[in-house]
Amino acid sequence: MSQCLPCCVESTAEFRPKAQYALQMLLFPLGIDPKWVVRNELTGVGIYYGSAPDGLPHSIISLRLTRETEEYFQYGSAYPPAAVRWVEWDGASWPVLFMGGDQPDLVASTFFWLSNWQETTCATRDRHGRFPFEASLQSALGIATRPAVDAYRERIAALLAENGIQSRPRSFGQRAWALCPTHDIDYLRKWRPGILFRETVQYPLLNYRKVTVGQRAKRFARFLRQFLHPGDPYRNAIKRLFRETRQRRGTATFFLKASAHGPNDVAYRVNDPFLVRQRSEWENAGFEVGLHTSYHAHTHPDYIECEAAELGSPASVRQHFLRYDLPITPRLQERAGLRIDSTLGFAETVGFRNATCLPFLRFDVPQNRVTSVWEMPLAVMESTLFNRIGLPLEAAVKETEQLLFTCQQFGGVAVMLWHGVLWDELDHSGWGDHFMRTLDFAVREGALIASLNDALSVWLKGAPYEAAVSCGELQKL
């Protein structure tokens, strides 16, 4: 249960739902529910957000809102209307995107990040239709791995403490933070006709890789050893992913494809005997099966709903290729009855696309409303570390551990993606070691290792304490 805190938002009718959403997402992880009141009901400790704080009791925390900020979110572009300010809190410097007079506007800044405002107002997209990291404000500011929203929340907690309100941050049961291993199963087997043709003709004979004869002979010998080894490498990996996580007393989310609608989808059947056996084993051990949509599903009016039904109405979803189109994709997910999305990470880099490592509800900007879909923000994808950034194993492990430390610091959830291709040293050298070393780090540092659904469910129950009266204001929860 949460503490109840009176909060007053004085703004235009258009901006009020945005401000209330941002305040909810700032306060809820602190174990606080806002109780919406009008100005004259702010008599004790509470929060005021508006342009006229004069005359309020000294016990009220005043957060200033300017007319310029309201107009920006009505007519604005992808980037804030003025220069970003950097403020110092507890020895660290953080960017604030909007100012209320001479004080940071933490509410508007939070809304900018959590609503994906820059993506709704910027037309730049990559060849897969994704909002690219290089077009983002995170790239311009160099803060991809720094969760600014979580720093804003800590500042709010400090202001509350100064006024006698001690926050009780939500936890993951008895654990302060969580690691969610997730696995996109794009293929059920490696040895498909195209791969065999590549390894027997294109690479050794036609020299598609443009390497020496000796290098071609070495790879062909490695291919033969792998091909003659019992079992398919990808099927072996899928089974081992389960074993390694279970041995560490954790669970994970396996995202399965239920359909294929284009050349970027490799079709397989959800009733494949191998998959049926694995799924039974996963679910009996408390692991989660989520939906990994087909390539075109992020904007198709029927694909997500049909694919979710084919998979048995799962709770969680990740869009293939991280394709996500606002506001269409979350509306389609909501219509399909999906509860959790974990798509919102950058394909080109690691870090926090929404400037947070905590769960948050999605906001539909055109409809000006909170949706029912929770985002579990994706922080790291192994192919980003090894392929796109090009890190060797030790550097990839170090980069990952730094992100894990950040999630631990803010009591967040580190959502990480490993595909079902690990321990394939021919094509994905080091990926399996990275997975196991990440799990071992999480064990040493006391994280809850859990599926997306389990981690969110535990976190929503709140911290293990008896709280004050609950307002019940967050009806979406």
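Q: What makes W113, Y152 and L160 stand out in the largest nonpolar core?
A: In this predicted model, the largest nonpolar core has 128 residues, and W113, Y152 and L160 are the ones that touch the most other members. Helix α6 gives the most to this core, with eight residues.

Q: Which residues does Y152 contact, leaving aside its neighbours within four places in sequence?
A: Y152 is in contact with L26, W89, P95, V96, L97, L106, S109, T110 and W113. Contact here means heavy atoms within 4.5 Å.

Q: Why are α3 and α6 called roughly antiparallel?
A: The axes of α3 (residues 106-114) and α6 (residues 148-162) cross at roughly 155 degrees. Angles over 145 degrees count as roughly antiparallel, and α3 and α6 are therefore given that name. Their axes come within 10 Å, and α3 passes α6 in a left-handed crossing.

Q: Which residues of α3 and α6 meet?
A: From α3 come L106, S109, T110, W113 and L114, and from α6 come A148, V149, Y152, R155 and I156. Sorted by class, this contact has seven nonpolar, two polar and one charged residues.

Q: Which residues make the contact of α9 with α15?
A: R240, L241, E244 and T245 belong to α9, while F435, M436 and L439 belong to α15. By class there are four nonpolar, one polar and two charged residues.

Q: How is α14 placed against α15, and at what angle do they pack?
A: Helix α14 (residues 393-409) and helix α15 (residues 431-444) pack at about 30 degrees, and their axes lie 10 Å apart. Their crossing is right-handed.

Q: Which residues of α14 and α15 meet?
A: On the α14 side they are L393, E394, A396, V397, T400, E401, L404 and F405; on the α15 side they are D433, H434, R437, T438, F441 and R444. This contact has six nonpolar, three polar and five charged residues.

Let us turn to some loops.

Q: How do you know whether S451 is buried or exposed?
A: Its relative accessible area is 1%. Buried means under 20%, so S451 is buried. S451 is found in the loop between β18 (448-449) and α16 (452-460). Not counting residues up to four places away in sequence, S451 touches C180, T251, A252, T253 and E288.

Q: How do you know whether H58 counts as buried or exposed?
A: The relative accessibility of H58 is 84%. Exposed means over 50%, so H58 counts as exposed. Its place is in the loop between β3 (46-50) and β4 (60-64). H58 and T43 are 15 residues apart in sequence, and their C-alpha atoms are 9.6 Å apart in space.

Q: Why does R249 count as exposed?
A: R249 has 81% relative accessibility. The cut-off for exposed is over 50%, so R249 counts as exposed.

Q: Why is F321 called partly exposed?
A: Its relative accessible area is 28%. Buried means under 20% and exposed means over 50%, with partly exposed in between, so F321 is partly exposed. F321 lies in the loop between β12 and α12. Phi of F321 is near 65 degrees, a positive value in a residue other than glycine.

Q: Where is P327 found, and what kind of peptide bond joins L326 and P327?
A: P327 is found in the loop between β12 (316-318) and α12 (328-335). The bond joining L326 and P327 is a cis peptide bond, with omega about 0 degrees.

Q: What makes A260 partly exposed?
A: A260 has a relative accessible area of 31%. A260 is found in the loop between β10 and α10 (273-284). Not counting residues up to four places away in sequence, A260 touches D265, A267 and S294. The C-alpha atoms of A260 and R240, 20 residues apart along the chain, are separated by 26 Å.

Note on methods:
Residues are numbered from 1 along each chain as its sequence is written. This is a predicted model: local features need pLDDT of at least 70, side-chain atom pairs count only at pLDDT 80 or more; totals for chains, interfaces and linings use all residues. Side-chain values use heavy atoms; hydrogens and water are left out. Axes are lines fitted to C-alpha atoms, for helices over the stretch in contact, and angles run from 0 to 180 degrees between N-to-C directions. Helices (H or I, at least four residues) and strands (E, at least two) are DSSP runs, numbered from the N terminus. Angles under 35 degrees count as roughly parallel, over 145 as roughly antiparallel, 65 to 115 as roughly perpendicular and the rest as oblique. A crossing is left-handed if the near helix is turned anticlockwise from the far one by less than a right angle, and right-handed if clockwise. Ala, Val, Leu, Ile, Met, Phe, Trp, Tyr, Cys and Pro count as nonpolar, Asp, Glu, Lys and Arg as charged, and the others, Gly among them, as polar. A nonpolar core is a set of buried Ala, Val, Leu, Ile, Met, Phe, Trp, Tyr and Cys residues joined through side-chain atoms within 4.5 Å. Buried means under 20% relative accessible area, exposed over 50%, partly exposed in between (1.4 Å probe, protein chains only).
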